[in-house]
Structure formats: C-alpha cells, structure tokens
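Here are my notes for you, point by point. Have the picture open while you read.

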Amino acid sequence: MKILVCISPVPDTTTKVAFTENNTQFNTQGVTMVINAYDEWYALVRALELKETGVATAVNLVTVGKPEADAVIRKALALGGDEAIRIDTESTDPYVIAAEIAAYAKSENYDLVLAGKETTDYNNAAVGPMIADLLNINYIGFASKLDVANNQATVAREIEGGEEVVAAALPIVVSCQKGMAEPRIPNMRGIMAARTKPLKVVAATGIAALTNIVSYEMPPAKTGVKMFTVDQMDELVAALHNEAKVI
Amino acid sequence: MSVLVLIENIEGNFKKKSFELAQYAATIAKNLGTEATALVLGTCDNAAMTQLGAYGTNKVLHVADTKLNQLSAKAYAKAVIAAAEKIGAKVIIASHDNVGKSVAPMVAAHIKAGIITGAVSYPDTSNGFVVKRNVFGGKAFAFVNISTDTKVLTLLPNSFPVIAAEGTATAETLAVSFDDQDFGITVKETNKVTGAVPLGEAELVVSGGRGLKGPENWGIIEDLAATMGAATACSRPVADSHWRPHHEHVGQTGGTIRPNLYIAIGISGAIQHLAGVNGSKTIVVINKDPEAPFFKAADYGVIGDALEVTPKLNEAMKKFKAAQH
Ligand SMILES: Cc1cc2nc3c(=O)[nH]c(=O)nc-3n(C[C@H](O)[C@H](O)[C@H](O)COP(=O)(O)OP(=O)(O)OC[C@H]3O[C@@H](n4cnc5c(N)ncnc54)[C@H](O)[C@@H]3O)c2cc1C
Ligand SMILES: Nc1ncnc2c1ncn2[C@@H]1O[C@H](COP(=O)(O)O)[C@@H](O)[C@H]1O
C-alpha cells in the first residue's frame, strides 16, 4: 500500500501577523516556515506508523510550492518518508494546489492520500476534498483515527456533536486532525538520512488560479481590558448584559 | 442565474445555523436580483422544510434518498451539482462546518468554480466578487475575489444575526441517480455527546485551563456553564492530560470557535490557544496572574483564584437569571 502525504509549509505559529504594500502582501520578514501542524503531527506521523507496522510499503510526501519550500519538506523527510516531490509553482489558490497534486498522483496509484484538516495560515480546509474529487475517489474529513487492513480503511471522524466510525475501500483521501497520532521530534539519524533522500522537483501543469487575495485587514484592536475584583461579580454580569450585550 | 444553498438537517430538523445560512443565501440572491433555493438531503420533516421560507428561501429541493442520512461527501457533492444544474445556480453556498467543508470543495473542484471558505461577509460585487474571510486563525481577514462564472462559498456559522420573517417554503422532490461508489463510506458506529450544547455552534462558552489544577475541579466550570446554558471547552494540555475529552480542546490544533462570549478560566492565553478563540465577540479572562497574556486579548478581566472566582461568578449569573424572569 502506497501513501501520499500532502505537506504545506506555513509560518511558525508564534509569527506576528502583519501586512505590507498597502495591506496586499503578507509580511514574510523574519518569518520562519514550518510544516503545517496537522500535516506533520497527524497525517505524516500516522503514515509513518502504518509503514513501521508493515501496513504501508511506501510513504511519499508532496508539496506545491517554490524552492523556499525545500527546507520545510526536508524537515518532513527527517521525520521519515521515502521521497518527496515538490511541484514547482506558487501555492495560493486551493484549486491550483489540489489540481497539481491530483495531476501528479493520477499516474502513481496511491492507495491513501493524507492531508491536514486545514493549513494554519489560510485556513481553507479545501485542498483534501478537492483532490478526492479530481481523483474521483471518496473523501473522509476530520479524521482522528485511521487504520488500514485488507484494502479497507477504518476511520473515526468528527461529526457535529460527536464522532463516527466509518469504513471505506481504498483508494481514499483522508484529512487528519488531533487524535490521529502523537507528535514526534526528528532525531539526528533522521536529519542525516533526509539529506540523501530524493527530493524530486516536477514542473507544474500550469493550472490557472480561480481566486485571488485582493487585500488583508487586521481586526479592530481591543480597546483595553476592563478589570473587576473578586467581589464585583454582579458588576461583571451587568456589564456583560448592558454593555457587551452577550447575555 | 440563481443561488443554491445546501441546508443540513440533524435527524430531520434544522438548527439556528441552518436558518442563518438560508438567510445569508436569500440576501445574496436578493442583491443579485434573483432567488435562493435550498437543497435538503436525506430524510427531513416537511414542516421543517417549509420553515426555511421564514428566512427568505422559498423553494426547497429535497433529495429524500435515505442513504443520504449519513455523510458521504462524494454523494452529497453529486446531489449539489445536480441541483445546481437544475436551477442554473451561479452561487453555491454551504456551511463552514464539517459537512460543508467536506462537500463544497468537492463541488467547486468538480465544476471548476472558485471557492471561498469561511466567509464572514456578503459578497461585494462592485468590482468582481469579493468576500471577506478569516485567515491566520482569526488573527486577520482577507478579501478574496473569485474570477470564475460560478462561485462557491462556505459561511462561517455565527457571522450574522438571524431574524425570522413571514413566509413558508414549498418543497419539491429532486431525483439524483447515484452509483455504489458514491456511497463508498459505511458508518459503523456513531457516538454523540448528548445533552450538552455542541461547542462549534455555542453562543456562550466557558473554558478551563491548567490553572484549574485537575479534573476534580471541573464541577465549577460545568456549574457555571449549566447556569448560562453555555458549552464547555478547554486548553490543549487539559485535553492531553485527559482531564477533559479531546473534542473540547480549542486552539490552533483543536477547534476554532466564535461564540458571543468566551470565558477563559485559568488559561494563560498562549498564541496557539488564542488562534482558536480570537473571533469571539467578547472575552472574559479569570487568572490569578496579572501578567497572564490572555488579559491583552480580553474585554473583561478578573485577577483571582479560579476556585474562588468561578463559583462567585456562577452565583451572580444565577441572580441575574432569576431577575430576568
Ligand atoms: C504547534 C503548537 C500548537 C498548539 N496548539 C494548541 C491549541 O490548539 N490549544 C491550546 O490551548 N494550546 C495549544 N498549544 C499549547 C499552548 O502553547 C499552551 O502551552 C497552552 O495553551 C497552555 O495551556 P494553559 O493555559 O491551560 O496552561 P498554562 O500555560 O500552564 O497556564 C495556566 C494558567 O492558569 C493560571 N493559573 C494557575 N493557577 C490558577 C488559579 N488557581 N486560578 C486562576 N488561574 C490560575 C496561570 O497563571 C496560567 O496563566 C500549542 C502549542 C504548540 C507549540
Ligand atoms: N501547498 C501545498 N502543498 C501540498 N499540500 C498542501 C498545500 N496546501 C495545502 N495542502 C494540504 O491540504 C491541507 C488543507 O489545506 P488548505 O485547504 O489550504 O487549508 C493541508 O493540511 C495540506 O495537507
């Protein structure tokens, strides 16, 4: 069984979000790029576990991006995985990302494509299901458990107000979230090994974007916190009612 | 040209976010000089469907196939595409929840339409088709333009006040031909958290962090939530230590919520936690450390011991509730 894990580079979570060029560009100055947490901790680690237990035979990583993404995908390879593929194009529109991944994956016959539930920067939550549609296979979203046996996946997925256990025949696309696996830290051996693992750069098919970001806006700054003492709970409740109007 | 909106039902009935969605679609349709049609999938009460008219969607297409009572994103997407074709929809809308987030991107990819997920505004059509959405976990907004003829949107629940008007909708059955592969997903087991307010759509949330010291102290959180009719949430280390179930964990790696009121008790306010709750309209922070970073993101604050403040706040809430009746 072959697994493809979709890896997205995102700004480190402690990044101070700011914009330049009249609020039309994200300010990348001083920003460290890391692997999207859902892709790393859940999708990739679970894929590696499936390989370690003999269920999967190969774990490949794919990212859509420019050469800046290479450092991040090397970090992913340091955790494990056999080879990485970078599809060489700007990654902005979710359709472009999904269509490029689908175009590459079509001829590779992956049994399982794993994505994160969303990226922590643009929060689109769209690439996973789009890949499924473009490969014409089933999609299971928001998975917190994943097992594979006899060409069949058993997945626990989050539903409104609870959880559901579902089964599906391979191939499928699954988007992963908390619960799926425990985070790992790459060790020295992994980091050394990653240096010699293949990172294939493939040309993009040149699919055009269907959306574009026009501008950004920061939410209005908080006007400052109003403090109450332990003995002013009635006053706090009154403020929530009369002033904030939320109760 | 018209507007199609996928309205989910929960065991045959609708929730507040369904009405918000119907109203959102109807408003967009009106602005575009057209009408909105709701699409309902699986078994649904006829009386429930007529209710959608009160929110401006006067027509309902109903695909009654019982196999749709469980989510198969592929089958749902097929039904949405069939309905969109039937009415000539140029704007297709779903909720930004687990169902909509699974189905809408599949629809968009299938018909090669641009998609904007997590919309928080009506489209501005003065120069293209521009919608405001949350990015960076609520730390900023982006204005995104769709350049294709057909547009797909998912609406972030709790973005607009819901106002019922007069009107009833009429439902018409729509037949969609599915094949076996569309239902390639079989549900083995369903575990719903019963009784409690689902966190994702709660307007009021009471949340606890490591400052509560241990699971034995969660009674005060639950009591306050019960008084207020609020949902409960927690920080990640709390869920990681199994003090609380994982579905309650909010933040960058947990759930993203946007309640009207978020009360954070014994939570430091780490940036990864804030990422999940930043969009809350009003934030109250209770922390014994005056330097806790959460106070910077708060509207109201109390410096004190959670174990002392929380029961006092609960008493004050009870008094307030009693006075309201
Ligand atoms: C990549 C990444 C992703 C993450 N994702 C998430 C996420 O999704 N959600 C999340 O929550 N965290 C997340 N974290 C962890 C996050 O950085 C913080 O460690 C975490 O939020 C801290 O939880 P806490 O505030 O409950 O605990 P602590 O940081 O231990 O804070 C406890 C607070 O309680 C206060 N306190 C102590 N005793 C009392 C008392 N008696 N009364 C009142 N107050 C008291 C303390 O002053 C302190 O402010 C993530 C971290 C990383 C690196
Ligand atoms: N540029 C990218 N390259 C590879 N995979 C990506 C990329 N962007 C997003 N993904 C995958 O799709 C998931 C959802 O991303 P998104 O739809 O952008 O929120 C991510 O968690 C990744 O697994």
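1. A quick word on charge counting: Lys and Arg count as positive, Asp and Glu as negative, while His and the chain ends are not counted. Each charge is placed at NZ of Lys, CZ of Arg, CG of Asp or CD of Glu. With that in hand, chain A has 21 positive and 30 negative side chains, with the centres of the two sets 6 Å apart. Chain B has 30 positive and 29 negative ones, and there the centres lie 4 Å apart.

2. Keep in mind that this is a predicted model, where local features need pLDDT of at least 70, side-chain atom pairs need 80 or more, and totals for chains, interfaces and linings use all residues. Side-chain values use heavy atoms, without hydrogens and water. The model scores ipTM 0.92 and pTM 0.91.

3. Now the folds. Chain B has 8 helices and 15 strands, and chain A has 6 helices and 15 strands. These are DSSP runs: H or I over at least four residues for helices, E over at least two for strands, numbered from the N terminus.

4. What share of each chain is buried (under 20% relative accessible area, 1.4 Å probe, protein chains only)? In chain B, 61% of the 325 residues are; in chain A, 55% of the 247.

5. Lastly, extent: the C-alpha trace of chain A spans about 65 × 45 × 40 Å along its principal axes, and that of chain B about 60 × 45 × 40 Å.

Methods. Residues are numbered from 1 along each chain as its sequence is written. Chains are lettered from A and ligands numbered from 1 in the order in which they are written. Buried means under 20% relative accessible area, exposed over 50%, partly exposed in between (1.4 Å probe, protein chains only).
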